[in-house]
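Reader: Before I set anything up from this model, I would like to go through a few of its backbone and packing details with you.

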Amino acid sequence: MRAVLIVNPYASAVSEARVRAVERELGRVASTTTLLTERPGHAIELASRAADFDALVVVSGDGGFNEVLNGALAAIPLGFLPGGGTNVLSRALGLSRDLPAATRQVAEALSSGRTRTISVGRVNGRRFGFSAGLGLDAELVRRVDALGRREDGKRPGDAAFVASALRLVAQRRGSFEPALEVAGLGRSAVALVANTDPYTYAGSIPLHVAPEARFELGLDLLAPRQLRAHSLPGLLGQVVSGRGLSRSRALLYAHDLDRIEIACDRPLPLQADGEDLGDVEHAVFEAERGAIAVLV
C-alpha cells in the first residue's frame, strides 16, 4: 500500500522527532510519502493531489484536519492524527490524544482495512468535521486568532481561549440579543451546528452542545433565543452535563437535519471547525451523509 502523510509543522504538538516516529509506524504497513504544509490552505491543495495513494493521513490540529476534509477525494480513506492543542475531530472519532498511540491505531486500521463511514457538514460550500457556528463562538475564534502565534509559530492554548471568552462576555455585559432567523424554527442570538458530540473540548472537558449528534447522522442545531448574564452559568452547566438542552424553552434545538438556513440581521462571524470564514449575512448548512471513510 501507498500512503501520503500531510504534516502541519507549525501545529502545537508537532516536532521533527514526532514526525519521524509517525513515519516509522506507518512505514510498517505502507510505503509513506511525507508532505509538509507551508501556508494556510496548502493542505487543501496537497490532499486534492492524493488520488494515486491508498490512504491519506494528516498530523495537525483541527485547522489542518479541516483543510484535508476540503481537499480530499471521496474514494481515499483518511486518518487524523493529533498534532494540535485540542484535536476535536480525532478525539471525537475515538483516537487517543497521545500521538504515538493514535498512530498505532491508524496504522492497524490501514493494515486491516478497517474504516468507519461518517457524514460531514458543509456551510456555504466549506466542509466541516465536527462543528460550525454563527455569532458568539465564531467571534471568539476570531479574537483568539487575533492574538497571533508565539515565537515558535504555535497557536495560543486553552488559557488564552478562556481569557478571550471572559473578556468577550464582559464587554457585552453578558447580554446577546436575537440577531438571526433560523428558517422554520425562529429567531436566536447565536447558532451552533454540530456534526457529532462533543461540539468541542475545554481542556479535558467535553462540551455537549448537541448530545444527540452523531457522525453517522445529519446535523444538529442549538440556538439560544437570547443570552443574559444570569442565564449563562445554567447554560454552561447544561453544556458540560449534556442534559436538558433539547427540552429547554430558551433554546431552539433540532436533530438530524439535512439542511439549516439562517438569515442574519447584520453580517456576523462564521466559523467551521474553529476556522474563521469571515462575516456573512446568510448561511446554509448542509449534511453530506456517508461522505468519507476514516481510519479508526
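Reader: Between which two elements does the loop with Arg173 lie?
Author: This is a predicted model in which local features need pLDDT of at least 70 and side-chain atom pairs count only at pLDDT 80 or more, while totals for chains, interfaces and linings use all residues. Residues are numbered from 1 along each chain as its sequence is written, and side-chain values use heavy atoms, with hydrogens and water left out. Helices (H or I, at least four residues) and strands (E, at least two) are DSSP runs, numbered from the N terminus. On that basis, the loop with Arg173 lies between helix H7 (158-171) and strand S8 (180-182).

Reader: What is the phi of Arg173?
Author: Most residues other than glycine have a negative phi. Arg173, a residue other than glycine, has a positive value, with phi near 55 degrees.

Reader: Is Arg173 buried or exposed?
Author: Buried means under 20% relative accessible area, exposed over 50%, and partly exposed in between, with a 1.4 Å probe and protein chains only. Arg173 has a relative accessible area of 76%, and therefore counts as exposed.

Reader: Asp273 has a positive phi too; is Asp273 buried or exposed?
Author: Asp273 is not a glycine, and its phi is about 55 degrees. This residue is found in the loop between strand S15 (259-272) and strand S16 (275-295). Its relative accessible area is 3%, so Asp273 is buried.

Reader: Which peptide bond is cis, with omega near 5 degrees?
Author: Most peptide bonds are trans. Pro198 is found in the loop between strand S10 (191-194) and strand S11 (200-202). The cis bond, with omega near 5 degrees, runs from Asp197 to Pro198.

Reader: Which residues are in contact with Thr103, leaving aside its neighbours within four places in sequence?
Author: Thr103 lies in helix H5 (residues 99-112) and, because its relative accessible area is 2%, is buried. Contact means heavy atoms within 4.5 Å. With those neighbours left aside, the residues in contact with Thr103 are Val22, Glu25, Leu26 and Leu81.

Reader: For the protein as a whole, what is the radius of gyration?
Author: The radius is taken over C-alpha atoms, and the globule rule is 2.2 Å times the number of residues to the power 0.38. The C-alpha atoms fill a box of roughly 55 × 40 × 30 Å, taken along the principal axes. With 296 residues, a compact globule would have a radius of gyration near 19 Å, so the protein agrees with the rule at 19 Å.
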